[in-house]
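Subject: Structure handover

Hello,

Here is the structure I said I would pass on. My notes on it come after the structure itself.

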Amino acid sequence: MTQPWLQEIQSAIKSVQELEIILDQKISTTNYPLFIPKNFLNKIKSLGKNSSLYQQFIPSDLENSIAGHLDPIGDMKHLKAPGFIHRYKNRALFMPTEICPINCRYCFRKNELQNETFDLGFKLESIKNYIFNHPEIEEIIFTGGDPLILTDEKLLFFGEFFSQFKHIQYLRFHTRTPIIIPSRISLNFIDTINQLSKRFFISIMIHTNHIEEIDLEVEGALKSLHSSNALLFSQTVLLKGINNHPDDLITLFKKLSSLKIKPYYLHHPDQVKGGMHFYLSIEEGRKIYRELQENLSGWMIPQYILDIPEGFSKVPIFNAENSVFSGNIQLKNQSISIKEPI
Ligand SMILES: *Cc1c(COP(=O)(O)O)cnc(C)c1O
Ligand code: SF4
């Protein structure tokens, strides 16, 4: 029998027409794909048009604007083999799938995630050669797409693959799936993580942007993740119209902390084509972040991070001295100017 979570993926809504029927309203046609599991769509529907869920996942005309960049963070410059990005010395991104449990309308990879299919055999061969020649890589970060879309067998298969390199000690999973398809966190998945943790140190970074995403069902899934050996963290994208109010973020980070999930990164939005309507200024972000510092215990506060365009790096972007952004970021040996839309 197909597992419930796989059924959710197979029966997900993929067309504007189907969506219009279920929501009983006109939906914008965009240049980007649509993918929403039905169970999650029911949650969107019951929260309604003004909810953070609706705004994050239902297509909007604003996506057809030509402003913004195709690869806003420039990480494709660091593609070392198909599906493998190595930008920082000790850790690398592994992208085993382009599929996500949902299409986030603000996605920073929204212009890249729709047309390629990788030949896995070929990919692993070139990744294998690359890793053998780079013993400084200690951590593999599974991303995508969303790695929890892979079956447990596939995850174990990749675990086996990476276990051939002695220098790889850490596996990390970046995922939105526990929020969108909580049934994915099955007993079998917990077993899978525990299998992997016999060889690797495992961490899971859960992507969640708003307290409305954490209903009782999701809370159950997040709690059951604690029966695995993984260390749990969260990542949040700051988004205009979704969570750019300190109160929303404060509630979210308190909730995550109470679920023993450490808020890790608060990402400044990337300037992605098709997602520029979610962009807010660094100055506004800094003001919000200061509110977090005043209202949350230090350990509940994530780092506020900007991914510098053109593939430079991630940098902490909060500035205690001044909220106004000068337009320049000083890295080790160069000053980089960042243009923000006015
Ligand atoms: C964000 C990112 C990582 C992970 O960075 P951490 O600071 O360790 O979370 C690794 N590689 C690339 C290319 C990234 O963009
Ligand atoms: S889960 Fe991440 S990669 Fe997938 S659509 Fe959402 S933001 Fe993009």
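Predicted model: local features only at pLDDT ≥ 70, side-chain atom pairs only at ≥ 80, totals over all residues.

Residues are numbered from 1 along each chain as its sequence is written, chains are lettered from A and ligands numbered from 1 in the order in which they are written, and side-chain values use heavy atoms, with hydrogens and water left out.

Helices and strands are DSSP runs numbered from the N terminus (helices: H or I, at least four residues; strands: E, at least two). Helix α2 covers residues 16–23, and Val 16, Leu 19 and Leu 23 in it are buried. They share one side of α2, because they cover an arc of only 60° around the axis; the arc is that of the directions from the helix axis to the C-beta atoms. In general, an α-helix has 3.6 residues a turn, so residues three or four places apart point the same way. Gln 17 and Ile 21, on the other side of α2, are exposed. Here buried means under 20% relative accessible area, exposed over 50%, and partly exposed in between (1.4 Å probe, protein chains only). The buried residues of α2 pack against α3 (38–47) and α4 (52–57), where contact means heavy atoms within 4.5 Å.

Asp 24 counts as exposed because its relative accessibility is 67%.

Strands

Strands β4 (residues 139–142) and β5 run parallel and are joined by four bridges; two strands pair if DSSP finds at least two bridges between them. Within this pair, Ile 140 stands opposite Leu 171 in β5. Strand β5 spans residues 170–175, and five of its six residues are buried.

Ala 92 lies in strand β3 (residues 91–94) and counts as buried at 1% relative accessibility.

Loops

- Gly 144 and Gly 145 are joined by a cis peptide bond, with omega about 15°. Gly 145 sits in the loop between β4 and α6 (152–162).
- Arg 176 is in the loop between β5 and α7 (177–180) and is buried, with a relative accessible area of 4%. Leaving aside neighbours within four places in sequence, its contacts include Gln 56, Phe 57, Asp 146, His 207 and Glu 213.
- Glu 310 is in the loop between β9 (303–307) and β10 (314–316). Phi of Glu 310 is near 70°, again a positive value in a residue other than glycine, and Glu 310 is exposed at a relative accessible area of 56%.

Surface patch

Which residues form a nonpolar patch on the surface? They are Tyr 170, Phe 201 and Leu 231, with about 270 Å² of accessible area together. Phe 201 is in strand β6 (residues 201–207) and counts as partly exposed at 43% relative accessibility. Patches are made of residues with over 30% relative accessible area and no salt bridge, with like charges joined within 9 Å and nonpolar side chains (Val, Leu, Ile, Met, Phe, Trp, Tyr) within 5 Å. Accessible areas come from the Shrake-Rupley method with a 1.4 Å probe, and for residues only the protein chains shown count as cover. A salt bridge is a side-chain nitrogen of Lys or Arg within 4 Å of a carboxyl oxygen of Asp or Glu.

Regards
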